[in-house]
Amino acid sequence: MRILITAGPTREAIDPVRFLSNRSSGKMGYALARVAVRRGHVVTLISGPVALRPPPKVSFVAVTTADEMLAAVKRYLSQCDALIMAAAVADWRPRRVSAQKIKKATGYRLLCLEPTPDILKQLRSKKGRRVFIGFAAETERLLTGARRKLAEKGLDLVVANDVSRRDAGFEVDTNRVTLLEAGGGVRVLPLMTKMKVAARILDWLEAPARRGCASGAAGGRVGA
Ligand code: C5P
């Protein structure tokens, strides 16, 4: 299959030296790219700023902001059979970016924030027969939030991730996730390495039902 994967955080500038971002390390998305390439898939990895080297044999696209990630996903979507949005896109950005470094001042400073574009929502109408997989990082009511994202973003699978635990989610090498399918199926996975989680997500994607669904999404060039 031709798989488009996003990874890492985005950075939203406040001024030339400061930005808003989050704790995403990119490890989950990079693990997905590494395992997918090993299995013979053709992988494009769109990544926000992280401290990881792109895996070998991956087409790599570096981005910084949510807008840049949206533009890159739009550009490569038509060439893929499946989109895995593992990136932790920043939810807000400063409404105005200061051209000069904002001077330090004592006391409080208010930042006016606006929402960034929701990439999955924007691409929903262009999904066609492609398989869309998203992540839901939550610190409370994990499955409720994940089910809402599955419906709102028109996903085929959501990987629900309790990021309040120290051994799962952001920055660490292990993860504990639950896979929720659009059809209602639920798979609770135990704590495992992100490479193993990646393998389980790809097992799901490679199932005959999904391969049939995605075939033709990118001009019928499906085949691992
Ligand atoms: O809405 P929330 O950020 O919790 O949803 C998480 C899922 O949506 C992830 O798959 C993430 O990559 C994707 N997302 C997106 N565009 C955003 C924010 C998140 O596509 N602006």
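Before the results, a definition: on a 1 Å grid over the protein atoms alone, a pocket is an open set of points where a 1.4 Å probe fits, with protein on both sides within 12 Å along at least five of seven lines, and its lining residues have an atom within 4 Å of a point. This is a predicted model, in which local features need pLDDT of at least 70 and side-chain atom pairs count only at pLDDT 80 or more, while totals for chains, interfaces and linings use all residues. Residues are numbered from 1 along each chain as its sequence is written, and side-chain values use heavy atoms, with hydrogens and water left out.

The largest pocket is lined by 43 residues, and Ala-87, Ala-88, Val-89, Asp-91 and Ala-137 lie nearest its centre. Among the elements giving two or more residues to that lining are helix H1 (27–38) and strand E9 (131–138), and E9 supplies the largest share, four residues; helices (H or I, at least four residues) and strands (E, at least two) are DSSP runs, numbered from the N terminus.

Turning to the interior, a nonpolar core is a set of buried Ala, Val, Leu, Ile, Met, Phe, Trp, Tyr and Cys residues joined through side-chain atoms within 4.5 Å, where buried means under 20% relative accessible area with a 1.4 Å probe, protein chains only. The largest such core has 34 residues, with Ile-3, Leu-32, Ile-133, Ile-201 and Leu-205 making the most contacts inside it, and its largest share, eight residues, comes from H1. A second, separate core of 28 residues includes Val-89, Leu-142, Ala-146 and Leu-180.

Note on methods. Buried means under 20% relative accessible area, exposed over 50%, partly exposed in between (1.4 Å probe, protein chains only).
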